[in-house]
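Student: I have a new structure open and would like to go through it with you. Could we take it one piece at a time?
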Amino acid sequence: MKSALALVAIGALALLVEGALVFAIPAALLPNVALVLSVSAALYLGGTPALLVLAALGFASDLLGGSPLGLGVLALLVPFAVTRIANRSLELRHGASEAILLALLTPVAVVAMAVLVRPEGGVASHGLAALVGLALQTGVNALIAPPTCRMVEAVASAAGELDPTRRGVAWIGAAPWAASRR
Amino acid sequence: MRDILHRLRLPLLFAGLAVLAAISLLADQRALQAGGRDLSWLSGGLLEVAAPVQRVLTAPLELIRDAYRRYVDLLGVRDENAALRARVAALEDEGLQLREALLASGALEQVAALRAQLELSMLATEVVGQDVSPWFRSVVLDRGRDHGLRAGMPIVTESGVVGLVTATTPHAARAMLILDRQSAVDGLVQRSRARGIVRGTGGAELEFEYTGPPEEVQVGDLVITSGYGGVYPKGIRIGEVVSVARDAPYLVRRARLAPAAGFERLERVFAVLWRSPTLELLAGDEPPAVGAAPRADAKAVP
């Protein structure tokens, strides 16, 4: 649980910084901190601490952002579940796969949010500008995913809490580094 | 049994969190429909910590942006000055003519009375945080309950309506902007007096929905608050019509508005220390007497 608490503190600070940065940088160029951190936690921490990180950051982003309380958590649950399931059978603990995972999960989180916000609306109701914004944020999330995962891995390792339940199936024809990482 | 529970721990926790989040969401939506709320100690505590931290983080960014803006503003200031002087002269002339017309119709006294009735105390507050998601348009303010702010109070700038306080803590507050897709303001076209609802689109523009004849709304018309919604006082600028959907086959017609308040440069805003009697009743407070003086404990800003 120590690593989960540390990640919650880091995440909350990142959310605060992001809330201030939005005055200077377009929102589309800022990462979805809660999503990136909760997916990283789902990859490297055990289920319960990862869920704690998700819950804390989801509620914190709602409070700081102004969205209805609980919406952030609900929107993050889908990417979290996808990550936990995919992590059982795919080698996701690697820079490239982490970036690809976040690139895929960013639209998933957006669609989840769209469904929750206004069932009849969705991304289409926001038009082309929103889609460009989504594409930009997907890129930013994918870019920061590997360093964030390294940070989460380091925190989990330091606390001796790296996820032990992971099955650890290698890539087909896995390279030696893949085996050594496990 | 313990083994099963242990194996199902994560799915159970997952489901529990989903239920908790859904309940929070419904409670929050209900509170918003009832005109906002005071945050719980836990939620409020986070916002209390966040507001000063964000103010500190925003300060250097503001400094850089302000310096850049001053430099840009200086470019072409001479030409702008000359144009403004000419405009002031024209407006002064127009003002004199209007005053004459009002005096002639005996309406000036009524206008003065109306102004006195509408005069409300306002509290200056800084915007210290902003929502980064494209779904919601809200800001965090650095003043809260201890300064007189209550959920349901309107937020304005000198240019027009900004939004509404939706949640408060002792030293901070959250406000939903009129750009938010959940926002709806009862509006009035100043020229034709056509009434309608101004809705947020989530983007930079607003949508004005009305049911009257199409000629009642034209590009360039100013839309102001009607005072009927029970939230905003009458006569505050909302925005200017930039396009009208002429061929709409429906009863409800739509026009796009450019908001009067400069949302791209939202720094200092004013909270109107007033809540409609309806909101006071919903909040469980005593409704203010008609024409009651504004809160005396609040710092009034002229």
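Predicted model: local features only at pLDDT ≥ 70, side-chain atom pairs only at ≥ 80, totals over all residues.

Student: What secondary structure does chain A have?

Tutor: Chain A has seven helices and zero strands, and along the sequence the pattern reads α-α-α-α-α-α-α. Helices (H or I, at least four residues) and strands (E, at least two) are DSSP runs numbered from the N terminus. Chain B, for its part, has six helices and 13 strands.

Student: How many of the residues count as buried, in percent, in chain A?

Tutor: Of the 182 residues of chain A, 54% count as buried, where buried means under 20% relative accessible area, exposed means over 50% and partly exposed is in between (1.4 Å probe, protein chains only). For chain B, 38% of the 302 residues count as buried.

Student: Back to the helices of chain A: how do α2 and α3 pack?

Tutor: Helix α2 (residues 33-44) of chain A packs with helix α3 (residues 47-65) of chain A at an angle of about 175 degrees, and their axes are 8 Å apart. The axes are lines fitted to C-alpha atoms, for helices over the stretch in contact, and the angles run from 0 to 180 degrees between N-to-C directions. That angle is why α2(A) is described as roughly antiparallel to α3(A); under 35 degrees counts as roughly parallel, over 145 as roughly antiparallel, 65 to 115 as roughly perpendicular and the rest as oblique.

Student: Which residues make that contact?

Tutor: From α2(A) they are A:Ala34, A:Leu37, A:Ser38, A:Ala41 and A:Ala42, and from α3(A) they are A:Ala50, A:Val53, A:Leu54, A:Leu57 and A:Ser61, with contact meaning heavy atoms within 4.5 Å. The residues of this contact divide into eight nonpolar, two polar and no charged. In that scheme Ala, Val, Leu, Ile, Met, Phe, Trp, Tyr, Cys and Pro are nonpolar, Asp, Glu, Lys and Arg are charged, and the others, Gly among them, are polar.

Student: Where does A:Leu136 sit, and is it buried or partly exposed?

Tutor: A:Leu136 is in helix α6 (residues 127-158) of chain A and is partly exposed, with a relative accessible area of 39%. Not counting residues up to four places away in sequence, A:Leu136 touches A:Ala28 and A:Leu29.

Student: Switching to chain B, what is B:Ser138 in contact with?

Tutor: Leaving aside neighbours within four places in sequence, the contacts of B:Ser138 include A:Gly65 and A:Gly66 from chain A, and B:Gly129, B:Gln130 and B:Asp131 from chain B. B:Ser138 lies in strand β3 (residues 138-141) of chain B and counts as buried, at 4% relative accessibility.

Student: What about B:Val241, buried or exposed?

Tutor: B:Val241 is buried, with a relative accessible area of 1%, and lies in strand β11 (residues 237-244) of chain B. Beyond neighbours within four places in sequence, B:Val241 is in contact with residues including B:Val217, B:Val219, B:Ala255 and B:Leu257.

Student: Last topic: what pLDDT does chain A average?

Tutor: Chain A averages a pLDDT of 80, and 84% of the residues score at least 70; pLDDT is the predictor's confidence in each residue, from 0 to 100. Among the elements of chain A, helix α7 (residues 176-181) has the lowest mean pLDDT (52) and α2(A) the highest (90). Chain B averages 77, with 79% of the residues scoring at least 70, and over residues 286-302 of chain B the pLDDT is below 50.

Conventions. Residues numbered from 1 in each chain as written. Chains lettered and ligands numbered in written order. Heavy atoms only, no water.
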